[in-house]
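The sequence and the structure are shown first.

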Amino acid sequence: MYKRFKIGAPLLLLSASLLMAGCGMGGNKADNEVDPPKVNYVKEGKSLDAETTAKANKNAVKRQLFLLDSNGLVVPQMLNLPKTGTAAKQVLEYLVKDGPVSNILPNGFQAVLPPDTQVLDVAVSKDGTATANFSKEFMDYRGQDEQKLLQAITFTLTQFDNIKNVKIQIDGKDQKVMPVNHTPINDGISRADGINIENGDVVDMTGSDTATLYFVAQNDSQTYYVPVTRRVAKNDSDPISSAIHELVQGPGEQSRLLTGMRNDVKLLDPPVLKHGVATLNFNKAILENKSEHTIDDTVLQSIVLSLTELNGVKKVAIQVDGKAKLKNEEGKSITAPVSRPEMVNTGEF
């Protein structure tokens, strides 16, 4: 299957696997206050014998770390971490450069927190605010990395159900702004503040909304999904239609991200959201192979990941010309609405 650069570079061959069902990238609890999450492990082949694999799974848990890729974008990676009773503190410790994450970093990725940073504590209040207390080494970052650092901390911590927003302390002192470029923190930062933010063509910031979209990136043979929060002009269309419109527009011209969605893809009817299922009726341009009625896995994945970022959307059902008969790239029929995959970007290539 062929993907295209939105900046006009040659076509590029990508491949990616699609998990047809699963829970969200969140869904976990944090720290000693709650039980650790249950994790369904996906078999990755026969590189390890059954006994070794079982032992590794018994002593590890999948956690989501937001790391920097080679393009400087903040990207989620699901990695095996040792089981611990202090999950929220642990995931931040794995964001420290030259720290314990070093031995498990996927190729082309790096941690975001300055070397030697100590995570002194992560306290979670009843209202869902996590206060992360760092040592003074936390301040040793470049000003241009401040937004990325804050986004990585926020999105990594808010993978847990009981964490909704994040505050920062340094040596126990509350920070109303970040220490280098003074990005406001105030009462806390949440996922609503965005990630890998694009302003797009919007000039009037007060008259705009945001949409978090997922596009594809490739590093050598690695293919992975990148969330991008884009400012879009407010209009009368619903958030689902707006997100689809932005996916069709594709990634920003300078982002180096890719998409498999054609420019002539259109919704034939307004989306219907019922009981958490968003039903979309596309024209045939959404298909990779019209005669076989197949849809590109990365196109389907990008739609599901993007729409399940919206409030109330849990699953996505896709129709073409009003018919629900659709197949994935392997030729398997998609017989039910597709849930957000449990694990995105496993870090194993």
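## Overall architecture

Five helices and 16 strands make up the secondary structure of the protein chain, as found in a predicted model. The chain has 349 residues, of which 50% count as buried.

An open sheet is formed by four strands in the order β13-β14-β15-β16, with mixed pairing. Its edge strands, β13 (272-274) and β16 (338-339), each pair on one side only. Helix α5 (residues 297-307) packs on this sheet and touches β14 (277-282), β15 and β16. The direction of helix α5 makes about 135° with that of β15.

Strands of a sheet pair through backbone hydrogen bonds, in either a parallel or an antiparallel manner. Strand β15 (residues 315-320) and β16 run antiparallel and are joined by two bridges. Within this pair, lysine 315 stands opposite serine 339 of β16.

Valine 96 is located in the loop between α2 (87-93) and β5 (119-124). Its relative accessibility is 5%, so valine 96 counts as buried, the cut-off being under 20%.

Beyond its neighbours within four places in sequence, valine 96 is in contact with Val101, Ala111, Leu113, Pro114, Pro115, Asp116 and Thr117. Valine 96 and leucine 113 are separated by 17 residues in sequence, while their C-alpha atoms are 4.5 Å apart in space.

Key
Residues are numbered from 1 along each chain as its sequence is written. This is a predicted model: local features need pLDDT of at least 70, side-chain atom pairs count only at pLDDT 80 or more; totals for chains, interfaces and linings use all residues. Side-chain values use heavy atoms; hydrogens and water are left out. Buried means under 20% relative accessible area, exposed over 50%, partly exposed in between (1.4 Å probe, protein chains only). Two strands pair if DSSP finds at least two bridges between them. Contact means heavy atoms within 4.5 Å. Axes are lines fitted to C-alpha atoms, for helices over the stretch in contact, and angles run from 0 to 180 degrees between N-to-C directions.
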